[in-house]
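Here's a protein chain for you to look over.

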Amino acid sequence: MTLLRPKLSREVQEALAAGGPVVALESTIITHGMPYPANVETALAVEAVVRENGAVPATIAVVEGELRAGLERDELEALAQAKGIVKASGRDLAVAMVRKASAGTTVSATMLLADLAGIEIFATGGVGGVHRGAEQTFDISADLTELGRTKTAVVCAGVKSILDIAKTLEYLETQRVPVIAYGTEDFPAFFTRTSGYKADHRLDTPEEIAEAMHLHHRLGTGTGLLIANPIPQNAALTADFIDGTIADAVREAEQRGIGRKELTPFLLSRINELSNGESLKANIALVKNNAALAARMAVAYAAIKKANG
């Protein structure tokens with residue numbers, strides 16, 4: 001059976017054909033992660049950061065039922081302003097295609113489509129994880145299982161403290177996914193640089209991480225890698241402030257019966273309101289920071305592949 005591949009933009013197609021560095025970017029940050037116009041401004045700024053660091057950006061989405069890797073500016077604008085856009089994880093893609101729907105792709109869907117497109121590095125804000133109370137709800141993000149079966153290296157700022165970080169790291173270990181912290185021993189917690197938990201490994205340069213990626217793939221493990229890149233110091237929020245804000249938002253979600261796919265978008269929106277916009281500023285800063293690291297990794301990884309034939 002021939003696997004489906006996303007339609008590539010000309011820029012992405014030419015870069016991949018030449019063995020050049022390409023970085024996948026998700027689209028739920030556009031469709032569900034931020035309000036307009038901050039969403040499209042951030043998407044364009046993140047693409048610019050990827051280019052500034054030597055790689056080609058490939059924003060991934062579903063546009064009117066068509067899988068896409070690489071969007072033009074007018075397509076980004078349309079996604080940013082459209083109403084009723086689907087939030088698609090990997091399991092939702094086929095139905096979105098049948099319905100000719102447009103969709104923002106979550107981490108799991110973006111990983112899958114990046115892999116099908118031949119793009120091996122993906123920059124995002126944070127990945128999903130094991131939710132608090134999962135021992136009762138079984139609420140575990142598909143991002144974690146996708147990391148266990150797809151070879152994509154995901155650069156993120158860790159996971160949000162709305163999640164159970166200890167159980168998330170344990171689940172990643174079960175899935176055989178290496179967790180590599182960039183320049184630190186500590187696993188970051190999205191808005192803050194530390195979570196109180198250690199990462200599995202520390203590497204200090206994009207070149208080292210690219211080499212680890214190359215060797216990990218040569219070992220035939222079949223899993224992705226999680227690269228945890230702490231939010232820049234000048235953009236980080238204090239743990240007391242953000243944890244208190246998150247606790248208030250979680251409590252409100254429970255009172256209103258909000259769960260499953262609606263939970264994370266609600267929490268992010270409410271946290272932004274309760275923090276008077278500080279969480280949105282931090283979110284933008286960390287996404288750009290992750291894009292820069294991913295691009296530098298992609299440049300190093302492309303060089304390694306060319307050197308090894």
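Q: Which residues point one way from strand 11, and which point the other way?
A: Keep in mind that this is a predicted model. In a regular strand the side chains alternate between the two faces of the sheet. Strand 11 covers residues 225-228, and its residues on both sides are buried. One way point Leu225 and Ile227, and the other way point Leu226 and Ala228.

Q: How many bridges join strand 8 to strand 11?
A: Strand 8 takes in residues 153-156, and it runs parallel to strand 11. Alanine 153 stands opposite leucine 225, and cysteine 156 has alanine 228 as its bridge partner. The number of bridges joining the two strands is 4.

Q: Which residue in strand 11 is the bridge partner of isoleucine 180?
A: Strand 9 (residues 179-182) also pairs with strand 11. The two run parallel, with 3 bridges between them. Across from isoleucine 180, the partner in strand 11 is isoleucine 227.

Q: Which residue of strand 8 does alanine 123 stand opposite?
A: Strand 8 has another parallel partner, strand 7, with 3 bridges between the two. Both faces of strand 8 are covered, with Ala153 and Val155 buried on one side and Val154 and Cys156 buried on the other. The one opposite alanine 123 is valine 155.

Q: Is histidine 216 buried or exposed?
A: You'll find histidine 216 in helix 10, which spans residues 206-218. Setting aside neighbours within four places in sequence, histidine 216 is in contact with Pro178, Thr221, Thr223, Gly224 and Leu225. Buried means under 20% relative accessible area. Histidine 216 comes in at 10%, so it counts as buried.

Q: What length does helix 11 reach from its first C-alpha to its last?
A: Helix 11 runs over residues 239-256, which makes 18 residues. At 1.5 Å a residue, 26 Å would be expected. The model's helix comes close to that, reaching 25 Å.

Q: Within what arc do the buried residues of helix 11 fall?
A: The buried residues here are Ile242, Thr245, Ile246, Ala249, Val250, Glu252 and Ala253. Looking down the axis of helix 11, you can see that they line one face of the helix, because they all fall within an arc of 160°.
For helix 11, the arc is 160°.

Q: Which exposed residues does helix 11 carry on the face turned away from its buried side?
A: Ile242 and Ala249 are among the buried residues of helix 11. Turn to the face away from that buried side and you get exposed residues instead. They are Asp240, Glu254 and Gln255.

Q: Which residue follows helix 11?
A: Helix 11 covers residues 239-256. The residue that follows has a positive phi, near 70°. That residue is glycine 257.

Q: How many residues apart are lysine 305 and glutamate 120?
A: These two form a salt bridge, with their closest N and O atoms 2.9 Å apart. The pair links distant parts of the chain: lysine 305 sits in helix 13 (residues 278-307), while glutamate 120 sits in the loop between helix 6 and strand 7. Lysine 305 counts as partly exposed, at 39% relative accessibility.

Q: Which residue forms a salt bridge with aspartate 204?
A: In this pair, the closest N and O atoms are 2.7 Å apart. Aspartate 204 is partly exposed, with a relative accessible area of 40%.

Q: How many salt bridges does the structure hold?
A: One of them joins aspartate 186 to lysine 198, with the closest N and O atoms 3.2 Å apart. Salt bridges also link Glu252, Arg256, Arg270 and Glu273 in a network. The count for the structure is 16.

Q: What is the radius of gyration of the chain?
A: The chain's secondary structure comes to 13 helices and 11 strands. For 309 residues the globule rule gives 19 Å, and the chain's value is close to that, so it is as compact as a globular protein of that length. The radius of gyration is 18 Å.

Technical notes. Residues are numbered from 1 along each chain as its sequence is written. This is a predicted model: local features need pLDDT of at least 70, side-chain atom pairs count only at pLDDT 80 or more; totals for chains, interfaces and linings use all residues. Side-chain values use heavy atoms; hydrogens and water are left out. The expected span of a helix is 1.5 Å times one less than its number of residues. Buried means under 20% relative accessible area, exposed over 50%, partly exposed in between (1.4 Å probe, protein chains only). The arc is that of the directions from the helix axis to the C-beta atoms. Two strands pair if DSSP finds at least two bridges between them. A salt bridge is a side-chain nitrogen of Lys or Arg within 4 Å of a carboxyl oxygen of Asp or Glu. Contact means heavy atoms within 4.5 Å. The radius of gyration is taken over C-alpha atoms; the globule rule is 2.2 Å times the number of residues to the power 0.38.
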